[in-house]
Amino acid sequence: MEIEETALPGVVLLTPARFGDSRGFFSETWNRRRMAAAGLDFDFVQDNHSFSARAGTVRGLHFQAPPH
């Protein structure tokens with residue numbers, strides 16, 4: 001994540017890294033720890049954005065067993 005100050009006080013430009021290949025791309029657009037370290041401390045944990053070039057593409061499946 002690239003975080004740039006702007007000429008406007010308190011306004012920053014967030015540019016997430018995009019990881020792509022022939023199937024599409026994946027990008028983490030918000031991460032609480034990284035943002036808090038940059039002074040952006042909000043009660044929001046994580047947000048991701050993905051795009052699949054073809055229907056039926058499966059990417060990034062994760063599973064957590066209880067109690068988590």
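1. A residue is called buried here when its relative accessible area is under 20%, exposed when over 50%, and partly exposed in between, with a 1.4 Å probe and protein chains only. By that definition Trp30, at 14% relative accessibility, counts as buried.

2. This is a predicted model, in which local features need pLDDT of at least 70 and side-chain atom pairs count only at pLDDT 80 or more, while totals for chains, interfaces and linings use all residues. Residues are numbered from 1 along each chain as its sequence is written, and side-chain values use heavy atoms, with hydrogens and water left out.

3. The structure holds three aromatic pairs, where rings of Phe, Tyr and Trp (its six-membered ring) pair if their centres lie within 6.5 Å, and planes under 30 degrees apart count as stacked, over 60 as edge-to-face and the rest as tilted. One of them is the stacked pair of Phe25 and Phe51, at 5.9 Å centre to centre with 25° between the planes. This pair links distant parts of the chain, since Phe25 lies in strand β4 (residues 24-31) and Phe51 in strand β5 (residues 46-52), 26 residues apart; strands (E, at least two residues) and helices (H or I, at least four) are DSSP runs numbered from the N terminus.

4. Phe25 is buried, at 11% relative accessible area, whereas Phe51 is partly exposed, at 44%.

5. Trp30 and Phe42 form a tilted pair, 6.1 Å centre to centre and 55° between the planes. Trp30 lies in strand β4 and Phe42 in the loop between α1 (32-37) and β5, so this pair ties together parts that are 12 residues apart in sequence. Ring pairs also link Trp30, Phe42 and Phe44 into a cluster.
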